[in-house]
Amino acid sequence: MNDVLEIGGHKFNSRFILGSGKYSLNLIESAVKDAGAEIITLAVRRANTKEKENILDYIPKNVTLLPNTSGARNADEAVRIARLARELGCGDFVKIEIMRDTKYLLPDNPETVKATEILAKEGFVVMPYMYPDLNFARDLVNAGAAAIMPLASPIGSNKGLATKEFIQILIDEIDLPVIVDAGIGRPSQACEAMEMGAAAIMANTALATAGDLPLMASAFKLAIDAGRKAYLSGLGRVLTRGASSSDPLTGFLHD
Amino acid sequence: MENQYLIDGKQLSDKALERKHELENCPSSRTDCMTYTEGMEHIESDIMDKVLSEMKEYDYSKYTAKDVLAALQHRNCSVEDFKALLSPAAEPFLEKMAQKAKLETEKHFGNTVYIFTPLYIANYCENYCIYCGFNCYNDISRMKLDYKQIEHEMSVIAKSGMEEILILTGESRSMSSLEYIGEACKLAKKYFRMVGLEVYPVNTDEYRFLHDCGADYVTVFQETYDIHRYEQLHLLGRKRIFPYRFNAQERALKGGMRGVAFSALLGLSDFRKDALATALHAYYLQRKYPQAEVSLSCPRLRPIINNEKINPLDVHERQLSQIIFAYRIFLPFAGITVSSRESENFRNGIVKIAATKVSAGVSTGIGDHESKYSGEKQVGKKGDEQFEINDTRSFSKMYSDISSEGLQPVLNDYLYL
């Protein structure tokens, strides 16, 4: 089955986007391999280093870099970080992260729309991290986003699909890939998001805090594949109670 | 038991000694530590009142094991939970606290540990803080690096691989002017990715100037939040003005700084109350300025030149650990720095649980990095240290030690925007 994920004209076979910032650099390569990941995010501010231990040196060359703008507090700062990422040789993809809150790291949707518009015009493949709100998601589409990345729950919380109903609305209404980002703590949660029709999953802390990181990466890969297949196959209905006879209400119709 | 802080240096003139003794013995000879002096900006803020009233009401003897266990089970740690975790009733639950703290640290920071080094560029001081090696009556070798010397020190440190620096001075506006500190920041931007400051508190517009020079983080230690004790410890100089110091972080944020750091110097007063106040200071400020990056330090008193006996009294490593774990559980997103005042063994243990930042290659003296880093004999003058350090590990040793613990050392995670 040819089931590719297309983002801004680029095609990917994997639907697992890997984070890189919270674990040992020497584990990145095996995590990428076991996750089967083709896209890996990295914080531009972490790559802003001189010699030793530049995160860029640890990422396999055949993987697409998705630099993020963490540290940006407004659109202007995000735009500057994105341009710096391009200068650093990180390519044209950018994940916009704009936070005005250091406690929960929740994204600022209005500023994210502004940055998306500017960067899309400059030819970036813009993937905005956002709070799942349909109005802002539509604004992001109009601003030129290549995908949207709603959060499942606060970054690092491993609390799963706290925003499930709202993410479902985005999946139903937005014609871009909806990539569930932040808060996914277990493979089962990733699987559930994929069953709902999410285009891909992004995870970092769930792997970083696992006992065996590469093993957890492979567990996520399997769960994401399973969820995707379930979605494509069309999920059967789930009964809320009891069994059902075949036509309980319309059985009286004989013609 | 009390520390014996008061030492009469032989270099002091009769007149100076007379004044020193008067300040020490006669409270009426001292100024009001709650009244701003000339040139000090007064900002409207209710944070100090909130912190001090919580601290005043805090009776840690009333908490029980039940309160502690409940605090450890709650999804979010409330102020009341935090008070329980700082109480003596929590001491038997140190291991449980460590486990919870470790989980919180991992959620927010993964397994990363940041490394930085302090650089003292001057040790002239106009304050008389009786526990501090730099105090104006202490007989030490004083020095201020000129710009060429600062740049030389920075190049030596940068060569070791360090990318984050914290610039410190003694508190003397006349010897270490704002312009002097600003120039040091500009020089630091050439050699380092991230520049922090730990200098005398200044006004909002002055913080803005320093930010424009390249600094983005400001550390101010309140030392103790107990005003009565503060008054007895800080006898002379601008530092004596408690509220001006307390509001420094807020002025720094208003001046455009990205992050601010807080600390009590543990051992000066009741450490449980001081730990409570330190964390609440950060907590309330972050609520008011949600974009602020906040971090906490947790230094304990150390011996100083001319007074080897100064020690942190009842704050042993177990108590220090309790404070650090409670900080982490209450403020899971905050950075926690553990300085070279603590031993190698302690720091190795604490970075695996709750600390997110350690210093390495540390000198608290002036102009001696080359001799300390290369092992060569000091050429030319050097200025004496602020206090004695304990963990003397170099940058490369710290780096390899952190790595061998399965943690990821991070040299920089910051952009100047």
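## Exposure of B:R208

A residue counts as buried if 20 or more other C-beta atoms lie within 10 Å of its own, as exposed if 12 or fewer do, and as partly exposed in between. B:R208 has 17 other C-beta atoms within 10 Å and is therefore partly exposed. The model discussed here is a predicted one.

B:R208 sits in helix α8 of chain B, which covers residues 204-212. When its neighbours within four places in sequence are left aside, B:R208 is in contact with B:G255 and B:G256. The C-alpha atoms of B:R208 and B:R251 are separated by 9.2 Å, and these two residues are 43 residues apart along the chain.

## Strand β3 of chain B

On one side of β3(B) are B:E164, B:L166 and B:L168. On the other are B:I165, B:I167 and B:T169, and both faces are covered.

β3(B) pairs with two strands described here. Strand β1 of chain B (residues 112-122) and β3(B) pair in the parallel sense over 5 bridges. Strand β4 of chain B (residues 194-198) also runs parallel to β3(B), and 5 bridges join them. B:I165 takes part in both pairings: B:T117 stands opposite B:I165, and the bridge partner of B:I165 in β4(B) is B:V195.

## Strand β6 of chain A

In chain A, strand β6 (residues 93-96) is likewise covered on both faces. A:F93 and A:K95 are buried on one side, and A:V94 and A:I96 are buried on the other. β6(A) pairs with strand β7 of chain A (residues 125-130) in the parallel sense, over 4 bridges. Within β7(A), A:V125 stands opposite A:F93.

## Helices α6 and α7 of chain B

Two packed helices are described by the angle between their axes and the distance between the axes. For helix α6 (residues 147-159) and helix α7 (residues 178-191) of chain B, the angle is about 30° and the axes are 10 Å apart. Angles under 35 degrees count as roughly parallel, and α6(B) and α7(B) are therefore roughly parallel to each other. The crossing of α6(B) past α7(B) is right-handed.

On the α6(B) side, the contact is made by B:Y147, B:I150, B:E151, B:M154, B:S155 and B:A158. On the α7(B) side, B:E183, B:A184, B:L187, B:A188 and B:Y191 take part. By class, this contact of α6(B) with α7(B) has 8 nonpolar, 1 polar and 2 charged residues.

## Helices α5 and α13 of chain B

Helix α5 (residues 94-109) and helix α13 (residues 317-330) of chain B have axes that come within 9 Å and cross at roughly 40°. The two helices, α5(B) and α13(B), are therefore oblique to each other. Their crossing is left-handed.

From α5(B), the residues in contact are B:L94, B:M97, B:A98, B:K100, B:A101, B:E104 and B:T105. They meet B:R318, B:S321, B:Q322, B:F325, B:A326, B:R328 and B:I329 of α13(B). The contact of α5(B) with α13(B) divides by class into 7 nonpolar, 3 polar and 4 charged residues.

## Contact between the chains

Chain A gives 30 residues to the contact with chain B, and chain B gives 22 residues. Of the elements on the side of chain B that touches chain A, α5(B) gives the most, with 3 residues. The residues on this side of chain B comprise 7 nonpolar, 9 polar and 6 charged.

## Two residues with positive phi

Most residues other than glycine have a negative phi. A:A182 has a positive phi, near 80°, and is not a glycine. A:A182 is found in the loop between β9 (179-181) and α7 (187-196) of chain A. With 25 other C-beta atoms within 10 Å, A:A182 is buried.

In chain B, B:E223 has a positive phi of about 75° and is not a glycine either. B:E223 lies in strand β5 of chain B, which spans residues 217-223. B:E223 is buried, because 25 other C-beta atoms lie within 10 Å.

Conventions. Residues are numbered from 1 along each chain as its sequence is written. Chains are lettered from A and ligands numbered from 1 in the order in which they are written. This is a predicted model: local features need pLDDT of at least 70, side-chain atom pairs count only at pLDDT 80 or more; totals for chains, interfaces and linings use all residues. Axes are lines fitted to C-alpha atoms, for helices over the stretch in contact, and angles run from 0 to 180 degrees between N-to-C directions. Angles under 35 degrees count as roughly parallel, over 145 as roughly antiparallel, 65 to 115 as roughly perpendicular and the rest as oblique. A crossing is left-handed if the near helix is turned anticlockwise from the far one by less than a right angle, and right-handed if clockwise. Two residues are in contact if their C-beta atoms, placed from the backbone, lie within 7 Å. Ala, Val, Leu, Ile, Met, Phe, Trp, Tyr, Cys and Pro count as nonpolar, Asp, Glu, Lys and Arg as charged, and the others, Gly among them, as polar. Two strands pair if DSSP finds at least two bridges between them.
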